[in-house]
Amino acid sequence: MRYITITTWEIADGADYDVALRAIDEKRLPALKSFGASRVTVVRTSERTSAAITEWPDKATRDAAELKIDEVRRSVKREDQTRMTGEMKGEIVADV
């Protein structure tokens with residue numbers, strides 16, 4: 001069963017959102033795909049915040065990537081002036 005993670009992110013005050021997003025698009029999203037993610041969508045939710053919706057083929061694929069994902073999250077904070085503010089995850093139970 002397909003599995004989703006939704007993470008929320010905030011860019012540092014004074015940082016350029018477009019520059020941070022470009023780095024995320026060029027480095028972070030391809031990394032998630034290389035770990036087995038089927039799709040990654042980033043939604044800008046305010047001037048300084050975003051939500052990343054990552055779809056995985058199943059929970060096992062996502063769980064197998066856990067350590068690599070943690071490494072990416074640490075580098076995002078350090079390199080992109082962005083911090084994760086929340087996470088939700090679960091199996092898709094309905095889809096249109």
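1. The count comes to 1 cavity of 30 Å³ or more. On a 1 Å grid over the protein atoms alone, a cavity is a set of points where a 1.4 Å probe fits but cannot get out. Its volume is the space filled by probe spheres set on the points, which are joined across faces, edges and corners. The largest cavity has a volume of about 350 Å³.

2. This is a predicted model, in which local features need pLDDT of at least 70 and side-chain atom pairs count only at pLDDT 80 or more, while totals for chains, interfaces and linings use all residues. Residues are numbered from 1 along each chain as its sequence is written, and side-chain values use heavy atoms, with hydrogens and water left out.

3. Which residues lie nearest the centre of the largest cavity? They are T7, W9, I24, A52 and V76, out of 25 lining residues, that is, residues with an atom within 4 Å of a point. Two or more lining residues come from each of β1 (3-11), α1 (17-34), β2 (39-44), β3 (49-56) and α3 (66-80). Helices (H or I, at least four residues) and strands (E, at least two) are DSSP runs, numbered from the N terminus. The greatest contribution is that of α1, with 7 residues.

4. Strands β2 and β3 pair in the antiparallel sense over 6 bridges; pairing requires that DSSP find at least two bridges between two strands. Within this pairing, V40 has T54 in β3 as its bridge partner. A hairpin through 4 residues joins β2 to β3.

5. The structure holds 9 salt bridges, each a side-chain nitrogen of Lys or Arg within 4 Å of a carboxyl oxygen of Asp or Glu. One of them pairs E10 with R48, with the closest N and O atoms 3.5 Å apart. E10 is in strand β1 and R48 in the loop between β2 and β3, 38 residues apart.

6. E87 meets R62 in a salt bridge (3.0 Å, N to O). E87 lies in strand β4 (residues 82-91) and R62 in helix α2 (residues 59-64), so the pair ties together parts that are 25 residues apart in sequence. R62 is buried, with a relative accessible area of 1%, whereas E87 counts as partly exposed at 31%. Buried means under 20% relative accessible area, exposed over 50%, and partly exposed in between (1.4 Å probe, protein chains only).

7. E87 also forms a salt bridge with R73 (2.9 Å, N to O). Salt bridges that share partners join R62, E66, R73 and E87 into one network.

Terms used
1 Å grid on protein atoms, 1.4 Å probe; cavity = no way out; pocket = protein on both sides within 12 Å on 5 of 7 lines; lining within 4 Å.
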